[in-house]
Amino acid sequence: MTDASTKKLDFALSLYPDPVLRKPAVPVETFDADLRATVAGMFERMRASQGVGLAAPQVGLQLRVLVLNPTGEPQDDLALINVSIIERSGPLTLFEEGCLSFPGIYAEVKRPERCTVSYRDLEGNSVEREFEGFASRIVQHEYDHLEGVLLVDRMSPADKARHRAALASLVDRYKTRAAQKSPK
Ligand SMILES: [Zn+2]
């Protein structure tokens, strides 16, 4: 079947320090087949990369869209469109985070245990929902992406020093690829 409802876009990951990761994302205005194809493609990319969450800027799109699946079970796929965090609560917890835009780099990040978000679902319905634990952690990490905030900004100075070589090699890799794309 290849009708519009099952169409998926094929996305590559945007890796640090791709400038698209720093640009603030803008709200989705049209809830249509293109949006469904975008979201389906994001889930595909997330799974293929063994991720638990993905934000649109990570596939080169400046849109306030994030997807997550904290359990790996298909029924737990969740797409949050035009999401905003309206409250963060609970104790600050430290948890090791990875990011598909920083392959191989993990760092402990402190975040509040719970968050309440408002968002639109794929049909454009307005939803409010509270997340806690791992799901809340993913939502807050992916939400950072929509604001142009990255794992490297959240890590401690010690972790940043520990990952200096890995971060520098991502920068080199990006520069090499960018130079290949534009031969000037
Ligand atoms: Zn990330």
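Trainee: Among contacts between residues at least 6 apart in sequence, what percentage join residues at least 24 apart?
Mentor: That comes to 66% for this chain; two residues are in contact if their C-beta atoms, placed from the backbone, lie within 7 Å. Keep in mind that this is a predicted model: local features need pLDDT of at least 70, side-chain atom pairs count only at pLDDT 80 or more, and totals for chains, interfaces and linings use all residues. Residues are numbered from 1 along each chain as its sequence is written.

Trainee: OK. How many helices and strands are there?
Mentor: Five helices and five strands, where helices (H or I, at least four residues) and strands (E, at least two) are DSSP runs numbered from the N terminus. Starting at the N terminus, the order is α-β-β-β-β-β-α-α-α-α.

Trainee: And how do the strands line up in the sheet?
Mentor: The five of them make an open sheet in the order 1-2-3-4-5, with antiparallel pairing; two strands pair if DSSP finds at least two bridges between them. Strand 1 and strand 5 are at the edges with a single partner strand each, so one side of each has no neighbour in the sheet. From one strand to the next, the twist averages 30 degrees.

Trainee: How many bridges join strand 4 to strand 5?
Mentor: Seven, and the two strands run antiparallel. Cys115 sits opposite Phe131 of strand 5.

Trainee: Which strands does helix 1 touch?
Mentor: Helix 1 (residues 33-48) packs on the sheet against strand 1, strand 2 and strand 3, and its direction makes about 45 degrees with that of strand 2. For those angles, axes are lines fitted to C-alpha atoms, for helices over the stretch in contact, and angles run from 0 to 180 degrees between N-to-C directions. Helix 2 also packs on the sheet, touching strand 1, strand 2, strand 3, strand 4 and strand 5, at about 85 degrees to the direction of strand 4.

Trainee: Staying on helix 2, how many of its residues are buried?
Mentor: Twelve of the 14, so helix 2 is largely enclosed by the rest of the structure. A residue is buried if 20 or more other C-beta atoms lie within 10 Å of its own, exposed if 12 or fewer, and partly exposed in between, with C-beta atoms placed from the backbone. The buried ones include Arg137, Glu142 and Asp144.

Trainee: Switching to the largest nonpolar core, which residues touch the most other members?
Mentor: Ala56, Val65, Leu66, Val67 and Val139, out of 39 residues. A nonpolar core here is a set of buried Ala, Val, Leu, Ile, Met, Phe, Trp, Tyr and Cys residues joined through C-beta atoms within 7 Å. Helix 2 gives the largest share of this core, five residues.

Trainee: What does Ala56 contact, leaving aside neighbours within four places in sequence?
Mentor: Ala25, Met42, Leu61, Leu63, Val65 and Leu66.
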